Amino acid sequence: SYLPLNESKYYELKYVGTHSSKIKVDDIPKVISEMKQVYQSNYTRRISNRKKELRKLYKLIEENESKIQAALKADLGRCDLLGSLYEVYPILSEIKKFMKHIDE
């Protein structure tokens, strides 16, 4: 049973979409409540919203490729080329594939 969620209310949520490092332990029950509200609204399951989020994720990865490479180098000692070949490009490829077939 899905609960209605006014789309404008979605953008007014305080915690959903906030990085966990910015959330206080005392606020965790409120975070869980908001997450349940969004999940039960079925808002995130709409194809149009999934497409929008996939486009945003693709752009985020693309724009931060050098930062991802630096993190892979620091954590795993992986050179930039291998970082992109093994970690970045496959994810971007999967996102493209999902976008191509999401309407099926």
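User: What makes Arg-78 count as buried, exposed or partly exposed?

Analyst: First, a word on ground rules: this is a predicted model, where local features need pLDDT of at least 70, side-chain atom pairs count only at pLDDT 80 or more, and totals for chains, interfaces and linings use all residues. Residues are numbered from 1 along each chain as its sequence is written, and side-chain values use heavy atoms, with hydrogens and water left out. Now, Arg-78 has a relative accessible area of 23%. Buried means under 20%, exposed over 50%, and partly exposed in between (1.4 Å probe, protein chains only), so Arg-78 is partly exposed.

User: Where is Arg-78, and which residues does it touch?

Analyst: Arg-78 lies in the loop between α4 and α5 (helices are DSSP runs of H or I, at least four residues, numbered from the N terminus). Not counting residues up to four places away in sequence, Arg-78 touches Leu-72, Lys-73, Gly-83, Tyr-86 and Glu-87, where contact means heavy atoms within 4.5 Å.

User: Why does Glu-34 count as buried?

Analyst: Glu-34 has 12% relative accessibility, so it counts as buried. Glu-34 sits in helix α2 (residues 28-41), and beyond its neighbours within four places in sequence it contacts Leu-13, Lys-14, Tyr-15 and Val-16.

User: What makes α4 and α5 roughly perpendicular to each other?

Analyst: Helix α4 (residues 65-76) and helix α5 (residues 80-101) pack at an angle of about 110 degrees, with axes 9 Å apart. Roughly perpendicular is 65 to 115 degrees (under 35 is roughly parallel, over 145 roughly antiparallel, the rest oblique), so α4 and α5 get that label. Among the residues making the contact are Ile-68 and Leu-72 of α4 and Val-88 and Tyr-89 of α5.

User: How do you know that the end-to-end distance of α4 agrees with its 12 residues?

Analyst: The expected span is 1.5 Å times one less than the number of residues. For the 12 residues of α4 that gives 16 Å, and the end C-alpha atoms are 16 Å apart, so the two agree.

User: And how do you know that the buried residues of α4 are on the same side?

Analyst: The buried ones are Glu-65, Gln-69 and Leu-72. They cover an arc of only 60 degrees around the axis, so they share the same side of α4; the arc is taken over directions from the helix axis to the C-beta atoms. The buried residues of α4 pack against α3 (47-63) and α5, while Ser-66, Lys-67, Ala-74 and Asp-75 are exposed on the other side.

Terms used. Axes are lines fitted to C-alpha atoms, for helices over the stretch in contact, and angles run from 0 to 180 degrees between N-to-C directions. Helices (H or I, at least four residues) and strands (E, at least two) are DSSP runs, numbered from the N terminus.
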